[in-house]
Every structure is written in structure tokens, then in C-alpha cells.
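Colleague: Could you walk me through this one? I would like to start with the charged contacts and then look at the pocket.

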Amino acid sequence: IIAILVAGRVGSAITAEIGTMKISQEIDALTVMGIDPVSLVVVPRMISLVVAVPALTVFSGLLGILGGCGVGVFVLGLGAHGYLTDSLAALVQQDVWGGVLKALVFGVIIGVVSCQQGLDTEGGSDEVGRSTTRAVVRSIVLIIAADLFVTAILYLRGQT
């Protein structure tokens with residue numbers, strides 16, 4: 001879910017920004033000045049997504065446990081210590097690392113698709129909107145496919 005949210009919010013912003021740079025010939029200007037546009041425009045966005053998506057995934061998992069604790073304590077009358085102890089005991093290290101691996105793959109997918117769609121934008125401002133929509137849709141489809149693929153690989157390796 002975090003990857004889909006990031007694809008919709010951040011991926012669309014990246015595509016729109018790079019697409020706007022492309023149609024306003026800023027990318028061409030970088031090339032003429034001898035600056036590699038990929039190293040200046042794409043690489044920082046890729047690094048940020050590869051770091052941010054796993055971090056957001058871990059953070060949302062922790063918030064989910066704390067939210068479950070709140071419901072357990074205030075609605076069900078459970079003890080907070082017992083809930084947290086049992087929840088942390090139920091965590092399996094392979095599941096945590098599998099989730100982080102998936103988030104890393106999702107970050108790469110969002111970055112590659114968003115930057116590629118932005119760099120392929122040609123025409124006017126209406127094409128930026130189309131590129132942005134394509135980037136979000138392709139990212140979400142590839143995230144779902146990658147989720148299935150990575151889950152199958154981890155399952156076959158006996159890690160899930």
C-alpha cells in the first residue's frame with residue numbers, strides 16, 4: 001500500500017517535473033553544457049526512492065503495531081505490555097526482511113518508470129499530464145506484478 005501511495009504522489013511529481021524539464025528543453029540544455037542529465041536529474045531521485053520507500057514501509061509497520069495496541073488496550077481491554085510482547089514475538093525476521101526487500105524493489109520500479117516517462121515526454125503541457133498518468137498506472141501494475149514475483153521467489157526459497 002505504501003508503494004502505491006508513493007507511486008501516486010511522488011512518482012507523479014517526478015514524472016511531471018522531468019517531463020516539464022524535457023518540454024522546456026532544460027534536459028537538452030544540460031546535454032549541450034556537457035552535463036549528463038541522468039546523473040543530475042535521475043540518480044538523486046532514484047536514490048531517494050530506494051531509501052524512502054523501505055523507510056516508510058518500516059515506519060508504517062511500526063505504526064500499525066502501535067495502532068493495534070491502541071485498539072487492543074482501549075477497545076478490547078488488553079494489557080499494552082502483553083499486546084506488544086506477543087506482537088513482537090509473532091514477528092518473524094524473514095517476514096521483516098522480505099518486506100524491506102519488496103519495498104526496495106518497489107522504490108526502484110517507481111523511480112525507473114517515473115524518470116523514464118518524464119524523459120520520454122514530448123510535445124506540450126498536455127503531454128506532461130498523459131506521461132504522468134502513464135507513469136502512475138504502469139508503476140502500480142508493475143508493483144503488483146513485482147509483489148507476486150518476489151513473494152513467489154521468497155516462498156520457493158522457504159523464507160515466507
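Modeller: What follows is a short talk about salt bridges and then about a pocket. This is a predicted model, in which local features need pLDDT of at least 70 and side-chain atom pairs count only at pLDDT 80 or more, while totals for chains, interfaces and linings use all residues. Residues are numbered from 1 along each chain as its sequence is written, and side-chain values use heavy atoms, with hydrogens and water left out.

Colleague: How many salt bridges does the structure hold?

Modeller: There are 5 salt bridges, where the term means a side-chain nitrogen of Lys or Arg within 4 Å of a carboxyl oxygen of Asp or Glu.

Colleague: What does Lys 102 pair with?

Modeller: Lys 102 forms a salt bridge with Asp 147, and their closest N and O atoms are 2.9 Å apart. Lys 102 lies in helix 5 (residues 93–119) and Asp 147 in helix 6 (residues 125–156), so this pair ties together parts that are 45 residues apart in sequence. Helices here are DSSP runs (H or I, at least four residues), numbered from the N terminus.

Colleague: And is Lys 102 buried or exposed?

Modeller: Lys 102 counts as buried at 19% relative accessibility, whereas Asp 147, at 29%, counts as partly exposed. Buried means under 20% relative accessible area, exposed means over 50%, and partly exposed lies in between, with a 1.4 Å probe and protein chains only.

Colleague: What does Arg 130 meet in a salt bridge?

Modeller: The side chain of Arg 130 meets that of Glu 127 at 3.3 Å, N to O, and the two are separated by about one helical turn because they are 3 residues apart in helix 6. Salt bridges that share partners join Asp 126, Glu 127, Arg 130 and Arg 134 into one network. Within it, Asp 126 also bridges to Arg 130, with the closest N and O atoms 3.3 Å apart.

Colleague: Changing topic, how much space lies in the largest pocket?

Modeller: About 450 Å³, where a volume is the space filled by probe spheres set on grid points joined across faces, edges and corners. A pocket is an open set of points on a 1 Å grid over the protein atoms alone, where a 1.4 Å probe fits, with protein on both sides within 12 Å along at least five of seven lines, and lining residues have an atom within 4 Å of a point.

Colleague: Which helix gives the largest share of the lining?

Modeller: Helix 3 does, with 7 residues.
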